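Here is a short report for a first look. Have the sequence and the 3D view at hand.

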Amino acid sequence: MPTQTRTLHILTADGRADAFAAFPDAGERHPGVLMYPDGFGIRPVLREMAAELAGHGFYVLVPNVFYRHGPTPVIDLPAYIGGEDRSAVLGRLMPLIQEHTAERSLRDADAFLRFLTTRPEAAAGPVAVTGYCFGGLLATRTAAAHPEQVAALAAFHAPVGAAGSDALAGITARAHFGHAESDLTPEALRELNKTLDAAGVDHTSEIYPGTVHGFTMSDTDAFDPAGLRRHWDRLLPLLKGALADG
């Protein structure tokens, strides 16, 4: 399905966040998806992933979560993030990530969802949230804080457990968590899934074999093509099922 893209700005309680949107070029309204990028932020690979998702019939909004520090790109990124470049970039990003508290992320989530639901290309009704790495934690917090609005949640190579058991208990969305093999032991996965089961979360949660943290991102040395395919195989049915039912 052909898509179009647009650069947008979102008013928040703390300023103005730049954002990127991709949506079908069909003149119709489509279910909304809030996509949180990984810690490296909005860049060509995120634009490509948003456009691919939009091609399946969704309005996809990708916000710059570090807008308080400046517009995209917040820091200069190499075309390929690997080796010494990766370590240097992470060193510059970690203070921004550490400053992005749960309180900040929830204030932003309110603004991002409010903006998403006002888009003329986005359908009325429930939305989905998805995210990668740090963005997966933000997606999880967003779903927990907005159970009446978020019908589907997906997070990949994300520290989902860092949201806390209280937040996880607030999730009413259908959820999928795709973990990197390097991030989570089988024992830790069982404990996380016990917490999700106890909270009554309708979820699938699995370790993607042979993957390391960041496996979905083709511009990094963590990229795993099979892991990315598995991500799409899990994400698309989840979104289509939950949003169609909603």
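Is Tyr 132 buried or exposed? Tyr 132 is buried, because its relative accessible area is 0% (buried means under 20% relative accessible area, exposed over 50%, partly exposed in between, with a 1.4 Å probe and protein chains only).

## Basis

This is a predicted model: local features need pLDDT of at least 70, side-chain atom pairs count only at pLDDT 80 or more, and totals for chains, interfaces and linings use all residues. Residues are numbered from 1 along each chain as its sequence is written, and side-chain values use heavy atoms, leaving out hydrogens and water.

## A strand pair

Strands β1 (residues 3-12) and β2 (residues 15-24) run antiparallel, joined by ten bridges. Strands are DSSP runs of E, at least two residues, numbered from the N terminus. Two strands pair if DSSP finds at least two bridges between them. A hairpin of two residues connects β1 to β2. Leu 8 faces Ala 19 in β2.

## Aromatic pairs

There are five aromatic pairs in the structure (ring centres of Phe, Tyr and Trp, its six-membered ring, within 6.5 Å; planes under 30 degrees apart are stacked, over 60 edge-to-face, the rest tilted). Phe 23 and Tyr 59 are stacked, 5.3 Å centre to centre with 20° between the planes. Phe 23 lies in β2 and Tyr 59 in β4 (residues 59-63), 36 residues apart. Both Phe 23 and Tyr 59 are buried.

Tyr 132 and Phe 156 are also stacked, because their centres are 5.6 Å apart and their planes at 20°. Tyr 132 is in β5 (residues 127-132) and Phe 156 in β6 (residues 150-156), so the pair ties together parts 24 residues apart in sequence. Phe 156 counts as buried, at 0% relative accessibility.

Definitions and conventions
Helix = DSSP H or I, 4+ residues; strand = E, 2+ residues; numbered from the N terminus.
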